[in-house]
Amino acid sequence: MPMGMTRKEYVSYDALGLAAKVRSGDVTATELLELALQRLEALNPQINAVVHVMEEDARSAATAPANGPFYGVPFLAKDLSSMYAGHPTSAGSRFMQNHIVTWDSELAKRVKRSGVTVFGKTNTPEWGLQPVTEPELWGPTLNPWDVARSSGGSSGGAGAAIAAGIVPMAGGGDGGGSIRIPASCCGLFGLKPSRGRTPTGPNRGQFWRGASIEHVLTRSVRDSAAMLDATHGPDPGVPFEIPPPSGPWLKEVGCEPPTLRIAYTTTPSVAVDVHQDCIDALEDAAQLLESLGHTVVSDHVPIDGAQFARDFLTIVAGELGADLDEAACVMGRRPRRRELEPATWALGLISDVLSAHDYASALRRMEVMARDVGGFFERYDVILTPTVSLPPPPIGTVGPSTSEKAQLRLLGMFGSGHLMKAAGLIDQAAKSALDFIPWTPVFNITGHPAMSVPLYWNTDNLPIGVHLVGRFAREDTLFRLAGQLERARPWFNRLSPMALRF
């Protein structure tokens, strides 16, 4: 007979550890689900990480025959991109709040086949556009390390739910750092796979021209590797295929990496101030890597940051415009101004005045920049940077200010992207868009795999991740390196005050 598990024991295991307990008969999938639901009920009102509960589906999955490496492990999906039949995907927007999806996306199917028990969906900023999770629809997600601070974004609900001990692993998506940012803010491991590594079907060829990709946030490196083993690979009609792995990534985590040549820098791609805590975290990681036998060299990829910011905003605006068109088809009408947040409405108007010429030129410049980064990797195996420019920021301090939102609302009333452009909002938005995240979006555009690793906590006991980028399609190198760092500087048992209290 199963012996059950206490709440304290529940948070002492990663996802593979919980699955092993289910296989051994020490606990059942239903019992794990009950523990997760108890933690959700107690902790979610304090952090607002989960916006939709799928309890009926979860109870059915927990009693289904065992399957997959993660059978019985409670799991949360992000309320964006991954579609689960019979449940809403609001994308953090009032316009989409009541839209019920009637089909599973390919990634959702693979996640289910991994054996997890999906029991809810996590908070995200509207259309995933902000690096913090503070949508007007659902309200902000708070950080379990300090509830006055942000959990990051756009997968901030996922990050907070894991850091609070509700689940050991949750789904995320990364179009400009949206897995790596909350991983840094919440003391977690977050890997963005290479472009094209996980599926986007059946209704999309790529997200954001391949810049955006889905995976998971985790507490352990091995959980991330095992989930990528379970979900990677092409699906029908995929635009292109990337080199497959030579073997399971889970096996790579336990292997020592060869001596790597690592370039490190604190120089951001755009002119922003970098907090000393983030510099200290970077320098500490560089010293640790050197002590592990790697060659660590100060160097950085020369990028025209101002041009990159404008081009990145152009691409995001164009993709948002297409997203709004698709949403209008699904909902049977265009969104009204008050159904979108001021910044989203403004960016939608801007997309209306950007030409095909603007979009194509931005993509071409980005492709040339990616060539330059590829050349840089001829000399190095890995690039090391801070993940973000600040420790977890106070709620309400990243993104448009109250006065900027008022200005956007006023200009938005005229419904003219030309007016937005004349008011200088395009250049203003480009200038401020990357203040908090000057490093991560570059590698969404280039398509390289990248990860945030939780090696450092500041004097306020706030986690600050470091960012490691590998050569294209070389997740094996990153998983080996992450496993080595995890063994040298274990972080798994460093739990947030909230996770420890309940």
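Which helix gives the most to the lining of the second largest pocket? The answer is α11, with four residues. The close-ups below come from a predicted model.

**View 1. The second largest pocket and its lining.** This pocket holds about 610 Å³ of space. Its lining is made of 27 residues. Closest to the centre are Leu80, Ser81, Met83, Trp127 and Arg204. Strand β6 (169-174) and helix α11 (305-331) each supply at least two lining residues. Sorted by class, the lining has eleven nonpolar residues, ten polar ones and six charged ones.

**View 2. Helix α5 and the elements it packs against.** Helix α5 spans residues 106-113. Look for Glu106, Leu107, Ala108, Arg110 and Val111: these residues of α5 are buried. An α-helix has 3.6 residues a turn, so residues three or four places apart point the same way. After α5 comes Gly115. The phi of Gly115 is positive, near 105°.

**View 3. Thr200 in the loop between β7 and β8.** Strand β7 covers residues 189-192, and Thr200 sits in the loop between β7 and β8. Is Thr200 buried or exposed? Thr200 counts as buried, because its relative accessibility is 13% and the cut-off for buried is under 20%. The side chain of Thr200 has two backbone oxygens to find in this view. A polar atom of this side chain lies 3.0 Å from the backbone oxygen of Arg204. The side chain also reaches the backbone oxygen of Gly205, at 2.9 Å. Setting aside residues up to four places away in sequence, Thr200 touches Gly205, Gln206, Phe207 and Asp235.

**View 4. Asn444 in helix α17.** Helix α17 runs over residues 440-446, and Asn444 has its place there. Asn444 counts as buried because its relative accessibility is 0%. Which side chain makes a polar contact with the side chain of Asn444? It is the side chain of Asp174, at 2.9 Å. Leaving out neighbours within four places in sequence, Asn444 is in contact with residues including Asp174, Gly175, Gly176 and Gly177. Also in contact with Asn444 are Arg180, Lys192, Arg195, Gly210 and Ala211. Now find Leu455, eleven residues from Asn444 in sequence. From C-alpha to C-alpha, Asn444 and Leu455 are 23 Å apart in space.

Methods. Residues are numbered from 1 along each chain as its sequence is written. This is a predicted model: local features need pLDDT of at least 70, side-chain atom pairs count only at pLDDT 80 or more; totals for chains, interfaces and linings use all residues. Side-chain values use heavy atoms; hydrogens and water are left out. On a 1 Å grid over the protein atoms alone, a cavity is a set of points where a 1.4 Å probe fits but cannot get out, and a pocket is an open set with protein on both sides within 12 Å along at least five of seven lines; lining residues have an atom within 4 Å of a point. Grid points are joined across faces, edges and corners, and a volume is the space filled by probe spheres set on the points. Ala, Val, Leu, Ile, Met, Phe, Trp, Tyr, Cys and Pro count as nonpolar, Asp, Glu, Lys and Arg as charged, and the others, Gly among them, as polar. Buried means under 20% relative accessible area, exposed over 50%, partly exposed in between (1.4 Å probe, protein chains only). Contact means heavy atoms within 4.5 Å. A polar contact is a pair of N or O atoms within 3.5 Å; within protein, one must be able to donate a hydrogen and the other to accept it, and residues adjacent in sequence count only if both atoms are side-chain atoms.
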